[in-house]
Amino acid sequence: PKWLRTSKHWILPRPAMGNATCSFGHARHFFGRVALPRSAWSGHSALLLTGLSLYPSLRVSAPSAAELATSSSEGATASDAPDAPACEACFRKSARVFCGGEHTLLRDPHTLEVYQLGACGLGFDHDYPASGPSAYCRKVPLSGPAQSVFAGYYHNLFKLTGGRCFAYGCGRQAPNDGQLMNGTDAEDTFPTATTTRFAEASVGGHHSVCRTMSGEVWNCGAGWQGQMGDGGLQYKNTAPKRLSGVPRIEKVAGGYYHNAALGEDGEWYAWGCNEQGQLGPRLDGREAQIKSPVRLGDAVPELKGVPISAFDGGYGHSVILLGDGRILTMGNHSEGQRGLDPELDEAPSISEVSGLPGPAEAIAGGNHHTLIVVGGRVFAVGSDEFGQVGGRGEPPEEHDQRRWQPQLVEGLPPDDPVVRVSAGICHSAAQTASGRVFLWGCGSNGQLGDSSLPAGGATREVVLNAIAQQCRAAIGAIADPTPVARI
């Protein structure tokens, strides 16, 4: 279809749309696939989109439930097109919750404002934490609406609707090794502009992987485990490095020290840490680090030619959602996070998670646990030390906290299917079809939005409006001294 351009708008003529859904090239996770019934076109000759930059391609197709459920942390929303016909279904399905390592980011689907639960930058001092709930509930001071949100272990990246990109974080847990993508190793606990604009990001423990609209991949931050994919193990990398040896990339993913990317050729490529076999078996004297990208199908013969819908990683394991809904895992199994008995002396290099009631629809990898959505319900395996698997709160110490057989998470609404999950170090999140958000697991860092800071919390609903009000009430409690200068 041809686009018509005015001074401020891009217009798609009516005949190209009909009763279809649209996906804007590599920005499809931002605008999502927007359902436009014929009734919405009555009396209109064109779809008017504002605030959008030109995208390289337009695809017209019907989205599957799995596609909607397994979208990356780059959320889908139509809020960036105020003059376009509003689609309530799009607002409901837009990604709202993103688990960081010990914090949680929440995005309002209407305003695209972002709120943070827990301590990660934003002026928080771990050595002298402020008292009261205001210290653990903040509105992220971005200079515009957040088109895309990428929560990392100790730092976060954002793409705003105008195309500008920002990052903040690091601090005591993870000194800046260049992962903020601003060209320095200075600590920036408030949002600062990145030197490279990106369409999507995968945020690891000490590094960042960013995909541009043109399909290039740029890495920055710690590289001692091969995270840069440049053939070396340089410790700090403040200047982003372009990944070579791969085709045009359509999606990036990864874990704490390892990365994966889907190429336009349909192949997944992997690089980074493989000490625990999270990127395939270490055979024939293979090094513990994969310093340059390799085809995942070459590293793992069981995956050669097998359609992969999604990839996610934890600290030392990987979770793979196949096109037929099966779940495969690789790497560490010591906490049951692979759905294998942790007492196994020799675990298979790759294995299928058994005991699920049907094909999976979405996945998320936490540090030592895994979340799987089947039929709108959430099942989990792995460490339940803080209740991050079962949703029942912190279990008694005398109980084995390793859950290797899939557990149905308790406390989620049975009549509102879960469409999206996210996992942090020791906490978990779910978003339902109606847009409700639930959190469970470790809450001692404020990541559950519970001001009592429980070591382990049962599944609880978090209401965005209430969080926004709480953050507004706390304004000025701890403020960025020069927010305007920084952003």
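Predicted model: local features only at pLDDT ≥ 70, side-chain atom pairs only at ≥ 80, totals over all residues.
Local features were kept at pLDDT of at least 70 and side-chain atom pairs at pLDDT 80 or more, while totals for chains, interfaces and linings use all residues. Numbering runs from 1 along each chain as its sequence is written, and side-chain values use heavy atoms, with hydrogens and water left out.

Let's start with the sheet. Four antiparallel strands make up an open sheet, in the order 15-16-17-18 (strands are DSSP runs of E, at least two residues, and helices are runs of H or I, at least four, numbered from the N terminus; two strands pair if DSSP finds at least two bridges between them). Strand 15 (200–203) and strand 18 (241–242) sit at the edges, each pairing on one side only. Strand 16 (residues 207–211) and strand 17 run antiparallel and are joined by five bridges, with H207 opposite G221 of strand 17.

N219 belongs to strand 17 (residues 217–221). N219 counts as buried because its relative accessibility is 0% (buried is under 20% relative accessible area, exposed over 50%, partly exposed in between, with a 1.4 Å probe and protein chains only). Its side chain gets to 2.7 Å from the backbone oxygen of M228. Beyond four places in sequence, the contacts of N219 (heavy atoms within 4.5 Å) include S208, Q227, P240 and W271.

Now for helix 6 (residues 464–473), where L464, I467, A468 and C471 are buried. Down the helix axis, these fall within an arc of 100° (taken from the directions from the axis to the C-beta atoms), so they line one face. N465, Q469 and A473 are exposed on the other side. The cover over the buried residues includes strand 8 (103–107) and strand 34 (457–462).

Note on methods. Polar contact = N/O pair within 3.5 Å; in protein donor to acceptor, adjacent residues only side chain to side chain.
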